[in-house]
Amino acid sequence: MRIDVLTIFPEYLAPLSQSLLGKATARGLVSIGVHDLRQWTDDVHRTVDDSPYGGGPGMVMRAEPWGRALESVRLPGARLVVPTPAGRPFTQQVAARWATEPALVFACGRYEGIDQRVADWAAEAGPVEEVSIGDYVLAGGESAVLVMVEAVTRLLPGVVGNAESVEFDSHADGLLEGPSYTRPASWRGHDVPPVLLSGDHAGIARWRREQSLRRTAQRRPDLVAQLDSASLTAAEQLV
Ligand SMILES: COC(=O)COc1cccc(COC(=O)c2cn[nH]c2)c1
């Protein structure tokens, strides 16, 4: 997968070339390019923002630099992702869908946002998604891109050592992951649930499912509504 990020703070995206991602890049599973939007400005001050039409606080990112940057960086048909508080929710399902894409381009907004005509114009050349990573407002899209790139690239085959651990992630089956334990069996008066030491694999699997349903019902009742009927019935018994 090819990932390109357009931003006025390229140094903010430095973590992308380290740790998990660094290894994946080194192994050729994903290639990442981070580009400074100011490369595509046309004035001596390298201006990327201007006052909003219609008045209002703050500044808006100008369309021209974005148009030139996207023409230069975005492969034909590549999915353009714009992180924004006003976007559709970014979920594990969205991450899984994007993980099959050959290329993704991320546009990091700053100030009050990017002139809307950029997304509208970009949609003429390929899919554009305005997505939110949560109901809060950041100073810019860079942190959201770090989050989304991590969620997507860890799903790429070969990036996460143990493929099973990806399969059993929270949200992979619509449920939250239950509690995990490791040695020692007793720690500061807290013991590991005995079933996990029993060797009864069917019992362990049943217990883990029950823990996931219970935790989901308690912490994310909004997710319970989306469960299939079997899981729903089980979850309702546990609230
Ligand atoms: C068309 O889209 C835009 O103009 C985007 O513009 C902005 C403006 C300010 C901040 C951001 C960053 O995204 C978030 O704050 C965000 C994403 N998820 N949850 C919070 C983006």
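Reply: Happy to! One term before we start: contact here means heavy atoms within 4.5 Å. Also, keep in mind that this is a predicted model.

Me: Good to know. What are the mean pLDDT and the model scores?

Reply: The protein has a mean pLDDT of 92, and 92% of its residues reach 70 or more. As for the model scores, ipTM is 0.98 and pTM is 0.92.

Me: Thanks. On to the sheet: in what order do the strands come?

Reply: The order is E2-E1-E6-E5-E7, an open sheet of 5 strands with parallel pairing. Its edges are E2 (31–36) and E7 (128–132), each of which pairs on one side only. From one strand to the next, the twist averages 30°.

Me: How many bridges join E1 to E6, and how many join E5 to E6?

Reply: E1 and E6 run parallel and are joined by 5 bridges, with Val5 standing opposite Phe106 of E6. Between E5 and E6, also parallel, there are 3 bridges, and here Leu80 stands opposite Val105 of E6.

Me: And E5 to E7?

Reply: That parallel pair has 6 bridges, with E5 covering residues 79–89. Leu80 turns up again: its bridge partner in E7 is Val128.

Me: Which helix lies across E6?

Reply: H2, residues 63–73, lies across E6 (103–107), and also across E1 (2–7), E2 and E5. Relative to E1, H2 runs at about 165°.

Me: Nice. Switching to the inside: which residues have the most contacts in the largest nonpolar core?

Reply: Those are Val5, Phe90, Trp98, Phe106, Met148 and Val152, in a core of 25 residues. E1, H3 (92–98), E6 and H5 each supply at least two residues of this core. The largest share is that of H5, with 6 residues.

Me: Tell me a bit about H5, then. How far does it reach?

Reply: H5 spans residues 142–153, and its 12 residues reach 16 Å from first C-alpha to last, close to the 16 Å expected at 1.5 Å a residue. Its buried residues are Glu142, Ala144, Val145, Met148, Val149, Ala151, Val152 and Thr153.

Me: Last one: why does Val128 count as partly exposed?

Reply: Its relative accessibility is 24%, so Val128 counts as partly exposed; the cut-off for buried is under 20%. Val128 sits in E7 and touches Arg74, Leu80, Ala119, Ala122 and Ala123, not counting residues up to four places away in sequence.

Me: And where is Val128 relative to Ile3?

Reply: They are 125 residues apart in sequence and 15 Å apart in space, C-alpha to C-alpha.

Technical notes:
Residues are numbered from 1 along each chain as its sequence is written. This is a predicted model: local features need pLDDT of at least 70, side-chain atom pairs count only at pLDDT 80 or more; totals for chains, interfaces and linings use all residues. Side-chain values use heavy atoms; hydrogens and water are left out. pLDDT is the predictor's confidence in each residue, from 0 to 100. Helices (H or I, at least four residues) and strands (E, at least two) are DSSP runs, numbered from the N terminus. The expected span of a helix is 1.5 Å times one less than its number of residues. Buried means under 20% relative accessible area, exposed over 50%, partly exposed in between (1.4 Å probe, protein chains only). Two strands pair if DSSP finds at least two bridges between them. Axes are lines fitted to C-alpha atoms, for helices over the stretch in contact, and angles run from 0 to 180 degrees between N-to-C directions. A nonpolar core is a set of buried Ala, Val, Leu, Ile, Met, Phe, Trp, Tyr and Cys residues joined through side-chain atoms within 4.5 Å.
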